[in-house]
Amino acid sequence: MWDYTEKVKDHFLNPRNVGEIENPDGAGEVGSLACGDALRLSFKLDEKKRIKDVKFKTFGCASAIASSSALTEILKGKTLEEAAKVTNQDIADYLGGLPEEKMHCSVMGREALEAAIANYRGQKVTKEDFEVICNCFGVTDREIIKAVRENNLKTVEQVTYYTKAGGGCGQCHPKIEAIIKKVRKDMEKEAPPPKPEKKKLTNIQKIKLIEETLGREIIPALKADGGDLDLVDIEGNKVLVALRGKCSFCPSSEFTLKQYVESKLREFVSDDIEVEEVRP
Amino acid sequence: MKTVYVDNNATTKVAPEVLEVMLPFFSEYYGNPSSMHFFGGQVQKNVDEARSKVAEFLGAEPSEIVFTSCGTESDNAAILGTLDSYPEKRHIITTRVEHPAVGNVSTYLGRKGYRVTELSVDREGRLDLDELRESLTDGTAMVTIMYANNETGVIFPVEEIGEIVKARGIPFHTDAVQAAGKIPLNMKKSKLDMLSISGHKLHAPKGIGVLYIRKGTKFSPFLIGGHQEKGRRGGTENVPYIIGLGKACELAQKHLNEENTKVKALRDYLEAKLLEKIPNTLVNGERVNRLPNTTSLSFEYVEGESILLLLSDLGICASSGSACTSGSLEPSHVLRAMGVPFTAAHGSIRFSLSIYSTKEEMDYIIEHLPPIIQRLRDISPFWKDYLRAQGKV
């Protein structure tokens, strides 16, 4: 029924690094029998503080087992700083993708990793500091916010696929919607502003602008290198030019034409301009 | 790879005899039964014959048989068609373990302002008839309680329920989709007013069902259109499938005994061997009043989808009540209603046999399932924990 990639099937049928490390440097467990999935992760570091050995035990479906196996493979050899940067999307990408409804399995991987690292550092990752939004699955606002940000989520349905929140009684849907709205607003504010739209030009305006750009920007630059350029004609978006001076017998003239002249005209006038050379 | 199909409660193979009788009605006898000319008229006769066969199978009159497109339509029609006939009554009684074709209709009705009573079940999946008695009111429009549960196979005491409900004069419907063909049905001796069956659980094709409506029962058509089915269900009759269903009912009647002897023996054998070979296995649902072909087993500390995929890789086709396979994120509502513990609810597998199942197939499952469970238990964090707690490791 689920359309699993070959890699997911492989990591489910042949999971890597199954087990529990004795006297681990760090260990974390998330999920439960009640939830329907659980992951116990343990690791050992080498002298250089890189992850030397990492093992997992998972109770869950094919996606859960495959995600856990993939996570352990991703982690091997990483420093803790590098490990802390691994996202649920990295796990999904490693597997060639997961069905959307199963993305929460990859999120479980990332949460177990967080718990294990925190355990190593002697910190406690408690849910008490955060507000539980979904009571059916015990999902906090922190987890929902993180999922929305890291995976660019837009709908309640997606939040359910990535965190399980809202997948039970559904009473938390309005709260989830409110969180999505707020987080996306924050994300927009942080994003760079889009480039300003170029206005549509009339033919006369376009011709004038092409002449101006040639005269002000392009020809002086060519002249500085001993070259020159004559504007021969303009047909729609095609600008026909003739190269003069050194440019007329330079082996790189084709390159100059396209890379320099055309790109400059596209920048200042219109991005569908094409430049062609007219040879006498 | 050979296919061992043990998911007959999901759907069944169309019997070769059924397919054979259907074929002439596609390209040869394709007339519309309602037409005036001989070409349609001859088809009408065949439809009538099929209707009689279905009626005989149910111990009913042919005029009490309405053909629908599926079990779901029959359930929808029974409920909405009855409520429409008693608009002043706003209460409906059902159970917590119905198939979504009844359960989700109830949810829909709840949103429309109806009061819905969902009777609970105990740990064995049984109803408390006192709870039913106490729920009946003068404002109750109808009671709809399934005959046999599709997940666990547990059979409800429908005739006993019928006595209680009819004593109050309240319309009584049952979803008998899983029961038909496995236990004998006789509407002449029954208290039921309406009953739904589904073709594809009876070795007929998917896309045909029946709603039995006892003579004299008030009913508003659900599918409104032409005058087919005596004005009770609009739409040109699905002739080939009706013919097929007629044959399927005839065969089901013949095979009823085999279902309750040979098939039951295979199911019992499979269940006993699996319980013997796999520790920490529970049977979901009472084993006395249960369909002869069904067993729902829970394997502690492992998850259903994983079990199913490993079985599927070996050609074994079953289904599960786990969250991952239910389409929602929660395990089957039936298992939850029964209070099956979390250690087991996600690890449930349903095997449902048919008259085509063989002992070789059972042996194949018995050979391959134990190593699958062990393999998944070796991956699960909870199995070793359990062993440690038992002092076994």
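Modeller: A salt bridge here is a side-chain nitrogen of Lys or Arg within 4 Å of a carboxyl oxygen of Asp or Glu. This is a predicted model, in which local features need pLDDT of at least 70 and side-chain atom pairs count only at pLDDT 80 or more, while totals for chains, interfaces and linings use all residues. Residues are numbered from 1 along each chain as its sequence is written, chains are lettered from A and ligands numbered from 1 in the order in which they are written, and side-chain values use heavy atoms, with hydrogens and water left out.

Colleague: How many salt bridges are there over all chains?

Modeller: The search of the whole structure finds 41. In one of these, the side chains of A:Glu29 and A:Arg40 meet at 2.6 Å, N to O.

Colleague: Which parts does that pair tie together?

Modeller: A:Glu29 lies in strand β1 (residues 26–32) of chain A and A:Arg40 in strand β2 (residues 37–45) of chain A, so the pair links parts 11 residues apart in sequence. Strands (E, at least two residues) and helices (H or I, at least four) are DSSP runs, numbered from the N terminus.

Colleague: Turning to helices, at what angle do α9 and α13 of chain B cross?

Modeller: The axes of α9 (residues 304–313) and α13 (residues 359–379) of chain B cross at roughly 135° and come within 10 Å. Axes are lines fitted to C-alpha atoms, for helices over the stretch in contact, and angles run from 0 to 180 degrees between N-to-C directions.

Colleague: Which residues make the contact?

Modeller: With contact meaning heavy atoms within 4.5 Å, those of α9(B) are B:Ser306, B:Ile307, B:Leu310 and B:Leu311. From α13(B) come B:Leu369, B:Ile372, B:Ile373, B:Arg375 and B:Leu376.

Colleague: And where does B:Leu23 lie?

Modeller: B:Leu23 is in the loop between α1 (16–22) and α2 (24–27) of chain B.
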